[in-house]
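Here's a quick tour of a chain you can follow along with on screen. Have the sequence and the fold open side by side, and we'll go hairpin by hairpin before looking inside.

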Amino acid sequence: QVQFQEYGGGLVQSGGSLTLSCVVLGSTFQSNSLGWGRQAPGKERELVAAISHVGRKNYADSVKGRFTISRDNAKRTVYLQLNNLTAEDTAVYYCNVGGFYGTTYTPTIWGQGTQVTVSS
């Protein structure tokens, strides 16, 4: 059974930065593709970044150039660096495990989420 331990959410001012961390247990981490998604109030959950087991990265257009996904296989951890945050980035952020099919990442298992709130 896959388990997630998500850290790093909180309250930040507009223009600020946060780093989210997610420890993934119960999976063959080194061979997993991983991602981060988010869900803002009243909106659908969306995928914002993904990284394959060999380091290929995908980003949603809304976060390109501001967010960076990375992984540390030794620590079984996937990170999301959030820079230049705006109020539109306020959401619950979820890490996930999934797979790349061609160039498209599809998440299959989601964590419980961590809240990010950006004050304007």
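Strand 9 and strand 10 (residues 104-110) run antiparallel and are joined by six bridges. Keep in mind that this is a predicted model. From that pair we'll move to another hairpin, then to the core and a couple of loop residues.

**The strand 9 / strand 10 hairpin**
- Across the pair, Gly98 sits opposite Pro107 in strand 10.
- The hairpin has two residues between its strands, and Gly102 takes a positive phi near 70 degrees there.

**The strand 7 / strand 8 hairpin**
- Strand 7 pairs with strand 8 (residues 77-82) in the antiparallel sense, over six bridges.
- Look for Phe67 facing Leu82: the Leu is in strand 8, and the two stand opposite one another.
- Four residues lie between the strands of this hairpin, in which Arg76 has a positive phi near 55 degrees.

- In soluble globular proteins, nonpolar side chains tend to be buried together.
- Here, the largest nonpolar core has 27 residues, and Trp36, Val78, Leu80 and Tyr93 have the most contacts inside it.
- At least two residues of this core come from each of strand 3 (18-25), strand 4 (33-39), strand 5 (46-51), strand 7, strand 8, strand 9 and strand 11 (114-119).

- Thr90 belongs to the loop between strand 8 and strand 9 (91-101).
- Thr90 counts as buried because its relative accessibility is 18%, below the 20% cut-off.
- A polar atom of the Thr90 side chain lies 2.9 Å from the backbone nitrogen of Val118.
- Besides Val118, the contacts of Thr90 beyond four places in sequence are Ala40, Pro41, Gln115, Val116 and Thr117.
- His53 is in the loop between strand 5 and strand 6 (57-59).
- With a relative accessible area of 43%, His53 is partly exposed.
- Setting aside residues up to four places away, His53 touches Gln30, Ser31, Asn32, Ser33 and Arg71.
- From His53 to Val78 is 25 residues in sequence and 11 Å in space, C-alpha to C-alpha.

Conventions: Residues numbered from 1 in each chain as written. Predicted model: local features only at pLDDT ≥ 70, side-chain atom pairs only at ≥ 80, totals over all residues. Heavy atoms only, no water. Pairing = 2+ DSSP bridges. Buried < 20%, exposed > 50% of the residue type's maximum accessible area, 1.4 Å probe, protein only. Polar contact = N/O pair within 3.5 Å; in protein donor to acceptor, adjacent residues only side chain to side chain. Contact = heavy atoms within 4.5 Å. Core = buried A, V, L, I, M, F, W, Y, C linked by side-chain atoms within 4.5 Å.
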